[in-house]
Amino acid sequence: MRHEAISSTQINIEYLLAFVAGFAEAVCILGLFGSFTTFITGTIVLAITDFASNNPNYITKSFILFSFILLQVFWIYLIRKLHLQKTNTATIMLFIETGLMLLFFLIGSYIGKLSSPYAANTFIISFFAIATMSLHSTIFFRVLNKRAPTHFMTGNSTNLFAAAFEMLDNFRADKNISDLPYPQASAKAKYYFGVIFGFIIGVVLGTIGYKIWGFPSLALPVVMTLFTALSTQQHGAPPTANS
């Protein structure tokens with residue numbers, strides 16, 4: 001596997017999707033009793049530790065975990081079917097994510113602040129949150145074929161630091177630009193920094209938004225996801241990062 005050259009002329013929808021992931025994750029952490037909906041590894045750890053600590057929040061996290069698994073199987077199946085019938089699978093799935101995010105926003109706004117991790121309305125909102133974000137991660141891995149996961153910043157930061165060292169090697173090489181050992185180093189560093197920065201901004205605004213408005217703050221990621229879907233429709237299928 002090798003990466004294609006990173007084009008500066010393409011719209012990097014990863015920046016927008018990273019913002020959406022960070023925003024939604026912040027809202028879920030604050031509104032769903034400390035539950036992750038995109039970082040499923042964290043959900044497993046917290047479910048086990050909450051259970052060991054007799055913290056009833058493990059009920060919500062266990063529901064999210066099992067829902068995530070079942071829904072991701074469904075999304076993968078649906079994407080496989082669409083790939084056989086459609087040429088714009090990415091756009092279709094992003095519109096579906098927009099619809100789910102809209103339902104997450106509307107139901108959360110109607111129900112308001114949750115009082116218990118095992119109340120019925122908690123499970124209802126949790127379901128739409130996990131439906132939205134499980135699709136978010138499935139779109140990245142099964143459709144977009146992008147380099148930078150929009151919800152997994154550990155890998156992105158590793159690639160950012162690796163690109164920084166490549167830039168340092170270029171500086172030490174003392175060669176013409178065309179002969180640099182890592183000609184894509186600067187572009188890669190900007191790319192991964194953009195994704196990480198987008199995620200962080202999403203987390204910050206999601207935190208502020210939920211603290212002030214609660215679940216209605218999700219109106220912003222609804223608009224951002226819709227804009228992303230429309231962008232893929234206008235510009236065609238995003239270029240693959242693999243060859």
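Reply:

The buried residues of helix H4 are Thr 89, Ala 90, Thr 91, Met 93, Leu 94, Glu 97, Thr 98, Leu 100, Met 101, Phe 104, Phe 105 and Gly 108; buried means under 20% relative accessible area, exposed over 50%, and partly exposed in between (1.4 Å probe, protein chains only). The model is predicted: local features need pLDDT of at least 70, side-chain atom pairs count only at pLDDT 80 or more, and totals for chains, interfaces and linings use all residues. Residues are numbered from 1 along each chain as its sequence is written, and side-chain values use heavy atoms, with hydrogens and water left out.

H4 comprises 23 residues (89–111); helices are DSSP runs (H or I, at least four residues), numbered from the N terminus. From first C-alpha to last, H4 reaches 33 Å, close to the 33 Å expected at 1.5 Å a residue, the expected span being 1.5 Å times one less than the number of residues. Just after H4, Gly 112 has a positive phi of about 85°.

The structure holds 11 aromatic pairs. Rings of Phe, Tyr and Trp (its six-membered ring) pair if their centres lie within 6.5 Å; planes under 30 degrees apart count as stacked, over 60 as edge-to-face and the rest as tilted. Phe 63 and Phe 123 are edge-to-face, at 5.0 Å centre to centre and 70° between the planes. Because Phe 63 lies in helix H3 (residues 57–85) and Phe 123 in helix H5 (residues 120–144), this pair ties together parts 60 residues apart in sequence.

Definitions and conventions
Helix = DSSP H or I, 4+ residues; strand = E, 2+ residues; numbered from the N terminus.
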